[in-house]
Amino acid sequence: MNWETVEENWEQYKGSTQTKWGKLTDRDLKESAGKQHKLSLLLQEKYGYSQQKADMETEKWLSSL
């Protein structure tokens, strides 16, 4: 799985994203549109993650799909 696939099928993956990171709102997820960079920024904002941790968490989530 890669980020391009997630972006193209974001409606399919949005639910598992919100299950994983419950602080993300529907609006957050809609605005991120499945883009890793935007999702990473949201994790930094909502969870206080460093950029490195947010990037690592999004990659770990992607590999679990």
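Let me begin with two side chains: tryptophan 21 and tryptophan 61 are both buried, where buried means under 20% relative accessible area, exposed means over 50%, and partly exposed is in between, with a 1.4 Å probe and protein chains only. Please keep in mind that this is a predicted model, in which local features need pLDDT of at least 70 and side-chain atom pairs count only at pLDDT 80 or more, while totals for chains, interfaces and linings use all residues. Residues are numbered from 1 along each chain as its sequence is written, and side-chain values use heavy atoms, with hydrogens and water left out.

I will stay with the tryptophans for a moment. The structure holds three aromatic pairs, and a pair here means rings of Phe, Tyr or Trp (for Trp, its six-membered ring) whose centres lie within 6.5 Å, with planes under 30 degrees apart counted as stacked, over 60 as edge-to-face and the rest as tilted. One of these pairs joins tryptophan 3 and tryptophan 61, with ring centres 5.8 Å apart and planes at 35 degrees, so this pair is tilted. Tryptophan 3 is buried at a relative accessible area of 10%, and for tryptophan 61 the value is 3%. Tryptophan 61 also pairs with tryptophan 21, where the centres are 6.1 Å apart and the planes are at 50 degrees, so that pair is tilted as well. Tryptophan 21 lies in the loop between α2 and α3, and with tryptophan 61 in helix α5 the pair therefore ties together parts that are 40 residues apart in sequence. Taken together, Trp3, Trp21 and Trp61 form one aromatic cluster.

Now to helix α4, which covers residues 36-47. Its 12 residues reach 16 Å from the first C-alpha to the last, close to the 16 Å expected at 1.5 Å a residue, the expected span being 1.5 Å times one less than the number of residues. Which residues of α4 are buried? They are Leu39, Ser40, Leu42 and Leu43, and they cover an arc of only 160 degrees around the axis, which puts them on the same side of α4; the arc is that of the directions from the helix axis to the C-beta atoms. The face turned away from that buried side carries the exposed residues His37 and Glu45. What covers the buried residues of α4 includes α1 (3-8), α2 (10-20), α3 (26-32) and α5 (51-64). After α4 comes glycine 48, whose phi is positive, near 75 degrees.

From the α3 side, serine 32 is worth a look. This serine lies in helix α3 and counts as buried at 2% relative accessibility. If we leave aside its neighbours within four places in sequence, serine 32 is in contact (heavy atoms within 4.5 Å) with Trp10, Lys38, Leu39 and Leu42.

Let me turn to the charged residues. The structure holds six salt bridges, each being a side-chain nitrogen of Lys or Arg within 4 Å of a carboxyl oxygen of Asp or Glu. One of them connects lysine 46 with aspartate 28, with the closest N and O atoms 3.1 Å apart. Lysine 46 lies in helix α4 and aspartate 28 in helix α3, so this pair ties together parts that are 18 residues apart in sequence. Lysine 46 is partly exposed at 27% relative accessibility, whereas aspartate 28 is buried, with a relative accessible area of 10%.

Glutamate 57 is buried at 7%, while lysine 60 is partly exposed at 47%. Lys53, Glu57 and Lys60 are linked in a network of salt bridges.

Lysine 53 has a second contact to mention, as it lies over the face of tyrosine 49, at 5.0 Å from the ring centre. Likewise, the charged end of lysine 23 sits over the ring of tyrosine 47, 4.8 Å from its centre. For such a placement, NZ of Lys or CZ of Arg must be within 6 Å of the ring centre and within 35 degrees of the ring normal.

Conventions
Helix = DSSP H or I, 4+ residues; strand = E, 2+ residues; numbered from the N terminus.
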